[in-house]
Amino acid sequence: MVITSLSLFSFSELDTGSVNIPYADKITHFGFYAGFVFLGCLSIWERRQKLTLKKALLVMVTVAALYGIGIEALQYSITKDRMAEWGDVLANSLGAVTGGLVIWWYFTKKEPLKWRY
């Protein structure tokens, strides 16, 4: 709920000084959604003992992508000073897929990370 509220709040009045990073907004979207899928996948995989890694990844990537699309739709429909952007949807989705690929790589490589003993 807090993340959703912050996603709809405008930070246009925030003074960043002389710091100007090109595409910082898209990089932030990418990083947050990669972390969202990474941590979410670990969480649901741990809580659901019968859930396979593949299913956990599929659930989390789908949930993250749909959540990102939903947030953009809400920004378009209920806020006056926020804009929905297809670039944000793309950054969110690519971040979600990347987070999923990192989890997949960690647990399926030749010497995988041991999560359960």
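User: How close do the axes of H3 and helix H4 come, and at what angle do they cross?
Analyst: The axes of H3 and H4 (residues 86-108) come within 9 Å, and the crossing is at roughly 165 degrees. Axes here are lines fitted to C-alpha atoms, for helices over the stretch in contact, and angles run from 0 to 180 degrees between N-to-C directions. H3 is therefore roughly antiparallel to H4. Angles under 35 degrees count as roughly parallel, over 145 as roughly antiparallel, 65 to 115 as roughly perpendicular, and the rest as oblique.

User: Before going on, what kind of model is this, and what pLDDT do local features need?
Analyst: This is a predicted model: local features need pLDDT of at least 70, side-chain atom pairs count only at pLDDT 80 or more, and totals for chains, interfaces and linings use all residues. Residues are numbered from 1 along each chain as its sequence is written, and side-chain values use heavy atoms, with hydrogens and water left out.

User: Which residues of H3 and H4 meet?
Analyst: On the H3 side they include Leu 53, Leu 57, Val 61, Ala 64 and Glu 72. The H4 side includes Asp 88, Ser 93, Ala 96, Trp 104 and Phe 107. Contact means heavy atoms within 4.5 Å.

User: How does that contact divide by class?
Analyst: The contact of H3 with H4 has 12 nonpolar, 5 polar and 3 charged residues. Ala, Val, Leu, Ile, Met, Phe, Trp, Tyr, Cys and Pro count as nonpolar, Asp, Glu, Lys and Arg as charged, and the others, Gly among them, as polar.

User: What about H2 and H3, where do their axes lie and at what angle do they cross?
Analyst: The axes of H2 (residues 24-47) and H3 (residues 53-78) come within 9 Å and cross at roughly 140 degrees. H2 is therefore oblique to H3. The residues of that contact divide into 15 nonpolar, 3 polar and 1 charged. Among those in H2 are Tyr 33, Phe 36 and Trp 45, and H3 brings residues including Met 60 and Tyr 67.

User: Change of topic. Where is Arg 82?
Analyst: Arg 82 sits in the loop between H3 and H4. It counts as partly exposed because its relative accessibility is 22%. Arg 82 and Glu 72 are 10 residues apart in sequence and 9.2 Å apart in space, C-alpha to C-alpha.

User: Now the whole chain. How many helices and strands?
Analyst: There are 4 helices and 0 strands. Helices (H or I, at least four residues) and strands (E, at least two) are DSSP runs, numbered from the N terminus. Buried residues make up 27% of the 117 residues.

User: How many of the contacts join residues at least 24 apart?
Analyst: Among contacts between residues at least 6 apart in sequence, 72% join residues at least 24 apart.

Definitions and conventions:
Buried < 20%, exposed > 50% of the residue type's maximum accessible area, 1.4 Å probe, protein only.
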